[in-house]
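Hello,

Here is the structure I promised to pass on to you. Please open it alongside this note, and I will walk you through what turned up.

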Amino acid sequence: MLAICGQVPTEEIGTSFFQEVDNDALFSDVAVFTATVTSANQMPQLLEAAVAHQGVAVLNLPGDISGLKLPHGTRTPRFAPPPLPSSPAADSLDGAAAALRDAEKVTLLVGRGAREAREEVLALAEKLAAPTVLTLKAKEGLEHENPYEVGQSGLIGNPAAVGAMDECDVLFMIGTDFPYREWYPEGKKVIQLDTRTQHIVRRTPVDIALVGGAREGLRALLPMLEPASGREHLEKAQSKYAEWMDDQRKLADPSFDESLLGKVRSLGDNPEEKVRPEAVALALDEVCPTNTIFTSDTGMSTVWLSRLLPMRGERRLIGSYNPGLDGERHADGARRAGARSSSPRRRTVR
């Protein structure tokens, strides 16, 4: 993403001029590159540098600079192609394959970094009979027509996803930097596949690190694996997820009493028979075409979107999902930290 922002005239920068903001400082914690253009001669070099960083970049244009013409003969920008993802090292692949072959129960935790490896993720889940927990950002591209998918973990998740992670022998993280440490299971062998080494072990201890692209890594790994001998772990997670989703859909009925589900009466009760948010999410799924772009604010609006609005077809999901739920995470941290049994989780993950 390239954001082009306005700035006060160059002669006023640093004088606390009307509407002056230090954009370079303001965006430094969310952008991989920021720069203020102070001369037409800096173009197209600054534009090329911004794009080359392959992330969120910000170019600030002071009012007097934005109206200038480029010098005669200014060349057309040349953008270098991004580096191609590589396959993980052979010895790391050998270690991961051995761990997966020895495991009875494997669970996949898949993030947005694997969205271009959809076929490989599905093939891996089938071969290992592995329930697949998706991060919110992975819904787009990995949720639809995925029989191994059991929803999300964390505050917006469900008991099936949490149980799949708790009950596995090996947790295989693919293209994810899922931030909530308290939702990772303990005492499991963990394999992590990511293109960025700085993501490895950042959230949870990792036994086997695979540094490389998701598609390339899984294509190299799949021939080294044998089909799972049993599917009980997958089928248990699928059954629990289907049951939980059925309960969630029942909540869309304004007259439905949540206590009928055997749960504690809570915020889900609806004595005034108002429109439930679950009903809104299900209605959106019915009326929105398969090329709709969805976004959401923070808080519970994201929860309903996450749980009940599938990203079918070419649907897109865009939002500020890195900082968006941070406050809610801390509010729930004390209740969630250290709770290893399924019942406390089920109360937390509604």
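Val-110 stands opposite Leu-134 in strand E5. Before going further, a word on the basis: this is a predicted model, in which local features need pLDDT of at least 70 and side-chain atom pairs count only at pLDDT 80 or more, while totals for chains, interfaces and linings use all residues. Residues are numbered from 1 along each chain as its sequence is written, and side-chain values use heavy atoms, with hydrogens and water left out.

Helices (H or I, at least four residues) and strands (E, at least two) are DSSP runs, numbered from the N terminus. Two strands count as paired if DSSP finds at least two bridges between them.

E4 and E5 pair in the parallel sense over three bridges. E4 is also joined to strand E6 (residues 170-174) by five bridges, again running parallel, and there Val-106 has Val-170 as its bridge partner in E6. The whole open sheet has five strands in the order E5-E4-E6-E7-E8, with parallel pairing. E5 and strand E8 (208-211) are at the edges with a single partner strand each, so one side of each is left without a neighbour in the sheet. From one strand to the next, the twist averages 15°. Towards the E8 end, strand E7 (residues 189-194) is joined to E8 by four parallel bridges, and Asp-194 stands opposite Val-211 in E8.

Helix H5 lies across E4, E5 and E6, running at about 165° to E4; contact here means heavy atoms within 4.5 Å, and axes are lines fitted to C-alpha atoms, for helices over the stretch in contact, with angles from 0 to 180 degrees between N-to-C directions. Helix H7 packs on the sheet too, touching E4, E5 and E6, and its direction makes about 125° with that of E4. E4, H5 and E5 make a right-handed β-α-β unit, meaning that, with the strands pointing away from the viewer, the path from the first strand over the helix to the second runs clockwise.

**What is buried**

How many of the five residues of strand E4 (residues 106-110) are buried? Five of the five are, so E4 is largely enclosed by the rest of the structure; buried means under 20% relative accessible area, exposed over 50%, and partly exposed in between (1.4 Å probe, protein chains only). Side chains in a regular strand alternate between the two faces of the sheet. In E4 both faces are covered, with Val-106, Leu-108 and Val-110 buried on one side and Thr-107 and Leu-109 on the other.

The largest nonpolar core has 36 residues, and Leu-109, Leu-171, Phe-294 and Leu-317 have the most contacts inside it. A nonpolar core is a set of buried Ala, Val, Leu, Ile, Met, Phe, Trp, Tyr and Cys residues joined through side-chain atoms within 4.5 Å. H7 (159-166) gives the most to this core, with five residues. Leaving aside neighbours within four places in sequence, Phe-294 is in contact with several residues, including Leu-305, Leu-309, Arg-316 and Leu-317. A second, separate core of 35 residues includes Leu-108, Leu-122, Ala-130 and Leu-222.

Helix H11 (300-308) is another one to look at. Seven of the nine residues of H11 are buried, so this helix is largely enclosed by the rest of the structure. Its buried residues, among them Trp-304 and Leu-305, pack against helix H6 (139-142), H9, helix H10 (277-287), strand E9 (293-294) and strand E10 (316-317).

**The three-stranded sheet**

Three strands form an open sheet in the order E1-E3-E2, with parallel pairing. Strand E1 (2-7) and E2 are the edge strands, each pairing on one side only. Four parallel bridges join E2 to E3, and the bridge partner of Thr-36 in E3 is Asn-60. H2 packs on this sheet, touching E1, E2 and E3, and its direction makes about 165° with that of E2.

**Backbone details to check**

- A cis peptide bond joins Met-43 and Pro-44, with omega about 10°; Pro-44 is in the loop between strand E2 (33-36) and helix H2 (45-52).
- Gln-54 has a positive phi of about 55° although it is not a glycine. It sits in the loop between H2 and strand E3 (57-62) and is partly exposed, with a relative accessible area of 47%.
- Ala-129 has a positive phi near 50°. Its place is the loop between helix H5 (118-128) and strand E5 (132-134), and Ala-129 is buried, with a relative accessible area of 3%.

Best wishes
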